[in-house]
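Me: I'm new to this one and would like a friendly tour. Could you take me through it step by step?

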Amino acid sequence: MYVCICHAVTEDDVRGCLAQGACTAREVRAACGMKPGCGACTKRLYGLIRQHGTETDDERRTARPTAA
């Protein structure tokens with residue numbers, strides 16, 4: 001599904017940027033080439049960032065400690 005129709009950025013594009021270390025909307029926009037436009041993507045973009053943060057937090061909580 002498209003997040004930003006103005007710049008043809010998909011959810012997979014955004015998730016890829018997040019997986020590569022982007023943490024903020026500004027970083028995702030820069031990595032995906034999203035320039036200021038109509039602004040319709042903002043709510044969905046923040047939702048994907050929140051979702052990614054929640055998934056990452058869950059992974060940290062369920063990760064088992066490794067032997068030192």
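Me: Happy to start in the middle: which residues have the most contacts inside the largest nonpolar core?
Reply: This is a predicted model, and its largest nonpolar core has 15 residues. Four elements, β1 (2-4), α1, α2 (25-32) and α3 (42-62), each supply at least two residues of this core. Those with the most contacts inside the core are Val14, Val28, Cys32, Met34 and Leu45.

Me: What pattern does the protein follow along the sequence?
Reply: The protein has 3 helices and 2 strands. Read along the sequence, they follow the pattern β-β-α-α-α.

Me: Let's look at valine 14. Which residues does valine 14 touch, not counting residues up to four places away in sequence?
Reply: Valine 14 is one of the buried residues of α1, and it is among those with the most contacts inside the largest core. Leaving out residues up to four places away in sequence, valine 14 touches Val3, Val9, Val28, Cys32, Leu45 and Leu48.

Me: Within what arc do the buried residues of α1 fall, seen down its axis?
Reply: The buried residues of α1 are Glu11, Val14, Cys17 and Leu18. They line one face of the helix, because seen down the axis they all fall within an arc of 125 degrees. In general, an α-helix has 3.6 residues a turn, so residues three or four places apart point the same way. On the other side of α1 are the exposed Asp12 and Ala19, while the buried residues keep to that arc of 125 degrees.

Me: Is leucine 18 buried or exposed?
Reply: Leucine 18 is found in helix α1 (residues 11-19). Its relative accessibility is 5%, and the cut-off for buried is under 20%. Leucine 18 therefore counts as buried.

Me: How far apart in space are leucine 18 and isoleucine 49, C-alpha to C-alpha?
Reply: Leaving aside neighbours within four places in sequence, leucine 18 is in contact with Val28, Leu48, Ile49 and His52. Take isoleucine 49 from that list: leucine 18 and isoleucine 49 are 31 residues apart in sequence. In space, C-alpha to C-alpha, their separation is 7.4 Å.

Me: What arc do the buried residues of α2 cover around the axis?
Reply: In α2 the buried residues are Ala25, Val28 and Cys32. They sit on the same side of α2, because the arc they cover around the axis is only 65 degrees.

Me: Which glycine takes a positive phi just after α2?
Reply: A glycine with positive phi also follows α1, namely glycine 21, near 115 degrees. Just after α2, the phi is about 75 degrees, and the residue is glycine 33.

Me: Now the cysteines. How many disulfides does the count come to?
Reply: A disulfide is a covalent bond between the sulfur atoms of two cysteines. The closest cysteine sulfur to that of cysteine 6 is in cysteine 38, 3.7 Å away, which is too far for a bond. For cysteine 41 the closest one is in cysteine 4, at 4.4 Å, also too far for a bond. The count of disulfides comes to 0.

Me: Of the 68 residues in the protein, what percentage do buried residues make up?
Reply: Cysteine 41 is buried, with a relative accessible area of 11%, whereas cysteine 6 is partly exposed at 46%. Across the 68 residues in the protein, buried residues make up 25%.

Key
Residues are numbered from 1 along each chain as its sequence is written. This is a predicted model: local features need pLDDT of at least 70, side-chain atom pairs count only at pLDDT 80 or more; totals for chains, interfaces and linings use all residues. Side-chain values use heavy atoms; hydrogens and water are left out. Buried means under 20% relative accessible area, exposed over 50%, partly exposed in between (1.4 Å probe, protein chains only). Contact means heavy atoms within 4.5 Å. A disulfide is a pair of cysteine sulfur atoms within 2.5 Å. The arc is that of the directions from the helix axis to the C-beta atoms. A nonpolar core is a set of buried Ala, Val, Leu, Ile, Met, Phe, Trp, Tyr and Cys residues joined through side-chain atoms within 4.5 Å.
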